[in-house]
Amino acid sequence: MHVFTGHADSRSTAVRIAHEVYDQAAAARQAGLEVPGRRPDGWTARGYRPGWELDWKAATAGRWNNPYSFTRADDGDFEL
């Protein structure tokens, strides 16, 4: 599993942008450069591994829930 994070207005847009940042990271590494940092829209590829081929046809997107957080994105609002 690979995780890319950033904001998108749809699942298909999220997959498209994740593919873009992955391709940018791959091109940079092949040119002997560092993986680009965070883009102005917040997207970045971290942990790029040369030689790993991602199955973009099987890629999915959804809301990220931090498994180590005591709240979840779908828990709704609460007051402290």
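Visitor: Is Glu20 buried, partly exposed or exposed?
Guide: In this predicted model, Glu20 counts as partly exposed, at 29% relative accessibility.

Visitor: Which residue does Glu20 meet in a salt bridge at 2.7 Å?
Guide: That partner is Arg16, whose side chain meets that of Glu20 with an N to O distance of 2.7 Å.

Visitor: Where do Arg16 and Glu20 lie?
Guide: Both belong to helix H1, which covers residues 11-30. They are 4 residues apart, about one turn of the helix.

Visitor: And how exposed is Arg16?
Guide: Arg16 is partly exposed, with a relative accessible area of 45%.

Visitor: Which residue forms a salt bridge with Glu20 at 3.2 Å?
Guide: Arg39 does; 3.2 Å separates the closest N and O atoms of Glu20 and Arg39. This pair links distant parts of the chain, since Glu20 sits in helix H1 and Arg39 in the segment after H1, 19 residues apart.

Visitor: Why can such side chains pair at all?
Guide: Side chains of opposite charge can pair when their charged atoms come close.

Visitor: Which residue meets Arg39 in a salt bridge at 2.6 Å?
Guide: The side chain of Asp41 meets that of Arg39, at 2.6 Å from N to O. Asp41 is partly exposed, with a relative accessible area of 33%.

Visitor: Which residues do the shared partners join into one network?
Guide: Salt bridges that share partners join Arg16, Glu20, Arg39 and Asp41 into one network.

Visitor: How many salt bridges does the structure hold?
Guide: The structure holds 3 salt bridges.

Visitor: Changing topic: what about the nonpolar core, how many residues are in the largest one?
Guide: The largest nonpolar core has 14 residues. Tyr22, Ala25, Trp43, Tyr48 and Trp56 have the most contacts inside that core.

Visitor: What is Trp43 in contact with, leaving aside neighbours within four places in sequence?
Guide: Its contacts include Phe4, Thr5, Gly6, His7 and Ala8. Trp43 is also in contact with Ala14, Ile17, Ala18 and Val21, as well as with Gly37 and Arg38.

Visitor: Stepping back, how many helices and strands are there?
Guide: The protein has 1 helix and 0 strands.

Visitor: How much of the protein is buried?
Guide: Of the 80 residues in the protein, 24% are buried.

Visitor: What share of the contacts with a separation of 6 or more joins residues 24 or more positions apart?
Guide: Residues 24 or more positions apart account for 45% of those contacts.

Visitor: Last one: what does the accessible surface come to?
Guide: The accessible surface of the protein comes to about 6600 Å², and 50% of that belongs to carbon and sulfur atoms.

Definitions and conventions:
Residues are numbered from 1 along each chain as its sequence is written. This is a predicted model: local features need pLDDT of at least 70, side-chain atom pairs count only at pLDDT 80 or more; totals for chains, interfaces and linings use all residues. Side-chain values use heavy atoms; hydrogens and water are left out. A nonpolar core is a set of buried Ala, Val, Leu, Ile, Met, Phe, Trp, Tyr and Cys residues joined through side-chain atoms within 4.5 Å. Buried means under 20% relative accessible area, exposed over 50%, partly exposed in between (1.4 Å probe, protein chains only). Contact means heavy atoms within 4.5 Å. A salt bridge is a side-chain nitrogen of Lys or Arg within 4 Å of a carboxyl oxygen of Asp or Glu. Helices (H or I, at least four residues) and strands (E, at least two) are DSSP runs, numbered from the N terminus. Accessible areas come from the Shrake-Rupley method with a 1.4 Å probe; for residues, only the protein chains shown count as cover.
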